[in-house]
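Here is a short report on a predicted model. Look at the sequence and structure first, then read on.

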Amino acid sequence: MDKRPIIALDFPNREAITKFLQHFPEKESLYVKVGMELFYQEGPTIVTWLKSCGHDVFLDLKLHDIPNTVESAMRGLAKLGVAMTNVHAAGGVRMMSSALKGLEEGTVEGKRPVLIAVTQLTSTSEDEMQHDQGIDRSLENSVLHYAKMAEKSGLDGVVCSALEATAIKKQTSDDFVCLTPGIRPLGAAVGDQKRVVTPEGARALGASYIVVGRPITKADNPYQAYQEIKQEWNGEI
Ligand SMILES: O=C(O)c1cc(=O)[nH]c(=O)n1[C@@H]1O[C@H](COP(=O)(O)O)[C@@H](O)[C@H]1O
């Protein structure tokens, strides 16, 4: 379990991030997430820059394509030296294994980035999953299925809601990662998320990491919001 909540930097450009990070003490090393909104605008240099500021980066591009394409993309992304990255488990075992192969081969120095697979997005409800994806099982079963496929492919863990973390932990190895977005402190606006859990709830349910965006990025005082969420996540309040 990482003590730092991962902050989702869902901003359009570097200028907006610079403004946001001014709320934080300069020397504080954060764990931040660069997603597609930012990466598609700023490209790989945004990762290099955040790392040079002393932050760890989770590169969330949710790759999902044919195995050969994903393998080559991962081989290139590995050079950025991010701490963690991801693919969609729906791409299947062959695609996930290829992603891992590309990442391993592309890692030139240091440790290979942690590789995890998105199961069912935390914005998806069971009804939506069954209707839109035509999956005739419970949401928890679908997430568990994907988690086992990810483990079989050699991946380090999955992205899921903390609601499924306990069940996943029971059926996978001890160090299997459950990274959980959809985190909302009590009373916070839920927005488009469906399977939400508080920071304290995520800890109690066995999450390995929490990812938090809007409750921090849209707060009047982002640093205070971050500190409160961090304390709750670490069981300090
Ligand atoms: O892979 C992710 O990070 C992810 C997976 C998922 O199932 N749900 C999910 O919300 N995320 C990401 O986590 C972040 C959550 O942001 P907030 O809803 O603002 O806290 C966003 O950047 C999403 O892209």
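How many nonpolar, polar and charged residues does the shell around the ligand have? The shell has 7 nonpolar, 7 polar and 4 charged residues. The ligand has 18 residues around it, and Ala8, Leu121, Pro181, Gly213 and Arg214 come nearest. Two strands, β3 and β8 (209-212), each supply at least two residues of this shell.

**The barrel**

The fold includes a closed barrel of 8 strands with parallel pairing. Its order is β1-β2-β3-β4-β5-β6-β7-β8. From one strand to the next, the twist averages 25°. Strand β3 (residues 56-63) pairs with β4 (residues 84-88) in the parallel sense, over 3 bridges. In this region, Leu59 stands opposite Thr85 of β4.

**The annotated positions**

The UniProt record, an unreviewed entry, places the feature "active site" at Asp60, Lys62 and Asp65. Asp60 lies in strand β3. Asp65 sits in the loop between β3 and α4 (67-77).

Is Asp60 buried or exposed? Asp60 counts as buried because 25 C-beta neighbours lie inside 10 Å; the cut-off for buried is 20 or more. Asp65 has 16 other C-beta atoms within 10 Å, so Asp65 is partly exposed. The table sets out the two residues.

| Residue | C-beta atoms within 10 Å | Class |
|---|---|---|
| Asp60 | 25 neighbours | buried |

Technical notes
Residues are numbered from 1 along each chain as its sequence is written. This is a predicted model: local features need pLDDT of at least 70, side-chain atom pairs count only at pLDDT 80 or more; totals for chains, interfaces and linings use all residues. Two strands pair if DSSP finds at least two bridges between them. Helices (H or I, at least four residues) and strands (E, at least two) are DSSP runs, numbered from the N terminus. Axes are lines fitted to C-alpha atoms, for helices over the stretch in contact, and angles run from 0 to 180 degrees between N-to-C directions. A residue is near a molecule or strand if its C-beta atom, placed from the backbone, lies within 6 Å of it. Ala, Val, Leu, Ile, Met, Phe, Trp, Tyr, Cys and Pro count as nonpolar, Asp, Glu, Lys and Arg as charged, and the others, Gly among them, as polar. UniProt positions are given in the numbering used here, feature names are shortened, and annotations may be inferred rather than shown by experiment. A residue is buried if 20 or more other C-beta atoms lie within 10 Å of its own, exposed if 12 or fewer, and partly exposed in between; C-beta atoms are placed from the backbone.
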